[in-house]
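I opened my notebook for a friendly walk through this fold. Here is what I looked up, in the order I went.

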Amino acid sequence: MTEGSTLSVILFGSPFLLVGGASVRPLRTRQGYTLFAFLALRSGKAVDREFIAATLWPESDPDHARSGLRRSLTDLREALGEAAGCIVAPTAHTLMLNLPSQAVDVPHFDSLLAGASPDSGRLRKAVDLYGGPLLEGFHEDWVQTERTRREAAVCSALDLLARESRDTGNLPLAIAYLRQGLWIDPSNEAFQRALMLAYYESGNAAAMVRVYLQFRLFLRRSLATVPSTETIDLFRRLRNGESLSAASPGYNREYVVPPNRRH
């Protein structure tokens, strides 16, 4: 790429590409966007062309899938202009997006969370990068798989940050992290319990009750179910002002459960 053709890629939320700070021209087909996203998620790694074609055109026969890949690749390179050099062919059978990891939000997010126990600074940076569901508006099977993986990762990061904040006495920050987790997955019952506790511990009993009632309404309307026995028991204890111990339901337990797939 030439000077001034720096490429930035946003895949969290509604995806978009910036070349030199300006949006690229609209692509002719949706497949062009999915092709770029597919390569961007694997930035720096060579990907087999047959695998790309079969994944992005799963209902087409191999010849039509390969033809679709060639058309989308041409469209994508034309749209990228001077930045098109970031798409390289390491071999005749592979394609690769050659960009620094920080130029693409998702690989950067993944790198920040890599390792057994990244520090809280890395966790906060990763959480800040999460701007919404991965490739929002795209519903292909491979997208759903990648999206669910990142939802679980960001919820785990928010869990750790909320715990750290609560342990250091910063309940407002813990509440903010928990609310962000529930924005991502409102059905995450462990987060709901943690938020109820955080409001209770901060002296805001009315907010604790509101969290429970809103969650109960959400479950009834969206999933035709009710809170778990553990959540109901915790609410009753908090409402009645009963003392809580480490053995009490919902107290000092893991906040995070894997995000449910949205329908």
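How many helices and strands are there in the protein chain? I found ten helices and six strands, taking both as DSSP runs numbered from the N terminus, with helices (H or I) of at least four residues and strands (E) of at least two. I kept in mind that this is a predicted model, where local features need pLDDT of at least 70, side-chain atom pairs count only at pLDDT 80 or more, and totals for chains, interfaces and linings use all residues. Residues are numbered from 1 along each chain as its sequence is written, and side-chain values use heavy atoms, with hydrogens and water left out.

**Entry: overall extent.** I read spans of about 70 × 40 × 30 Å for the C-alpha trace along its principal axes. Of the 263 residues, 44% count as buried (under 20% relative accessible area, with exposed over 50% and partly exposed in between, 1.4 Å probe, protein chains only).

Entry: I started with strand E1 (residues 7–10), which runs antiparallel to E2 and is joined to E2 by four bridges; two strands pair if DSSP finds at least two bridges between them. Ile10 stands opposite Phe16 in E2. Five residues lie between these strands, and Gly13 in this hairpin takes a positive phi near 80°. Next I followed E2 into E3 (residues 22–23), again antiparallel, with two bridges. Val19 has Ala22 as its bridge partner in E3. This second hairpin has two residues between its strands, and Gly20 in the turn has a positive phi of about 60°.

**Entry: two faces of E2.** Which residues of E2 are on the covered face? I noted Leu17 and Val19 there, while Phe16 and Leu18 make up the uncovered face. In a regular strand the side chains alternate between the two faces of the sheet.

**Entry: the open sheet.** I then traced three strands in the order E4-E6-E5, with antiparallel pairing. E4 (47–48) and E5 (87–88) are the edge strands, each pairing on one side only. Helix H1 (residues 30–40) packs on this sheet and touches E4, E5 and E6. Val47 has Leu95 in E6 as its bridge partner.

Definitions and conventions
Contact = heavy atoms within 4.5 Å. Axes fitted to C-alpha atoms, helices over the stretch in contact; angles between N-to-C directions.
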